[in-house]
Amino acid sequence: HEHAACAWFRKQAVQQVVREEMRQSTPELEAAFGRRGLLVRGCRPLPGALQGHRLHTLHDTWLGPEGLDGEFRSDEARLPLCSASMSLVFSLHALECARDPAGLVAEFARTLEPEGTMLVLALNPFSPFHLRWVRQGLHAFSAAQVSRMLRSAGLEVHACRPVGVWWRARDALADTRTPRLPTLRSSTLLLARRREHGLTPLRLR
């Protein structure tokens with residue numbers, strides 16, 4: 001048994017769109033460096049490679065019917081990772097497939113090291129592209145909703161920008177010549193960081 005959206009993500013046309021979204025995410029990935037990173041895919045058919053990062057090790061996982069699967073298996077509510085152990089967490093359409101999206105974001109935040117980066121690639125419910133997935137068992141969130149989840153988990157949101165296409169993969173080439181309303185692209189990429197605020201020293205009187 002697999003998530004209802006897996007069959008949709010497995011389609012060649014959808015794969016092309018997701019790869020285009022990831023290609024457009026390269027600038028943020030190129031800024032990611034450190035020892036360990038975590039890629040969490042919404043389901044197994046989604047691409048399992050990140051291009052451009054400068055991490056020593058990247059763990060590849062996906063959401064299955066029983067929770068997290070891939071390099072390790074666990075419940076969504078408790079990842080088998082030490083706190084503050086990841087330099088990067090990349091959520092590839094994982095929130096749309098999660099049973100408890102806010103809880104999953106909280107776990108992602110727990111695993112991030114101080115100044116660690118979280119990237120969330122999430123479907124845009126306001127894009128014309130949503131007509132392709134609206135009946136596929138996915139639960140999309142607006143950029144504002146995802147931002148609230150990130151902030152509630154103790155992360156600071158630093159960037160939010162549209163990525164992807166309007167309707168199909170070949171639209172990306174057309175947009176380089178005649179850009180259209182970017183807010184209607186297929187997905188949104190959010191960048192957040194875990195900040196560790198230092199203690200304010202007390203003044204002696």
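Visitor: Is histidine 59 buried or exposed?
Guide: In this predicted model, histidine 59 lies in strand β2, residues 54-64. Its relative accessible area is 12%, and the cut-off for a buried residue is under 20%. Histidine 59 is therefore buried.

Visitor: Which side chain does histidine 59 join through a polar contact of 3.0 Å?
Guide: Leaving aside neighbours within four places in sequence, histidine 59 is in contact with Arg36, Gly37, Leu38, Leu39, Glu71, Phe72 and Met86. The polar contact of 3.0 Å runs between side chains, and the partner of histidine 59 is glutamate 71.

Visitor: Why are the buried residues of α6 on the same side of the helix?
Guide: Helix α6 spans residues 143-152, and its buried residues are Val146, Ser147, Met149 and Leu150. An α-helix has 3.6 residues a turn, so residues three or four places apart point the same way. On the other side of α6, Arg148, Arg151 and Ser152 are exposed.

Visitor: Which residues have the most contacts inside the largest nonpolar core?
Guide: This core has 57 residues, and its largest share, seven residues, comes from strand β5. Leucine 150 touches Val105, Met118, Val120, Leu155, Val157, Leu190 and Ala192, not counting residues up to four places away in sequence. The residues with the most contacts inside the core are Phe9 and Leu150.

Visitor: Which residue just after α6 takes a positive phi?
Guide: The buried residues of α6 have a cover that includes α4, β5, β6 and β7. Just after α6, a positive phi of about 90° is found at glycine 154.

Note on methods
Residues numbered from 1 in each chain as written. Predicted model: local features only at pLDDT ≥ 70, side-chain atom pairs only at ≥ 80, totals over all residues. Heavy atoms only, no water. Core = buried A, V, L, I, M, F, W, Y, C linked by side-chain atoms within 4.5 Å. Buried < 20%, exposed > 50% of the residue type's maximum accessible area, 1.4 Å probe, protein only. Helix = DSSP H or I, 4+ residues; strand = E, 2+ residues; numbered from the N terminus. Contact = heavy atoms within 4.5 Å. Polar contact = N/O pair within 3.5 Å; in protein donor to acceptor, adjacent residues only side chain to side chain.
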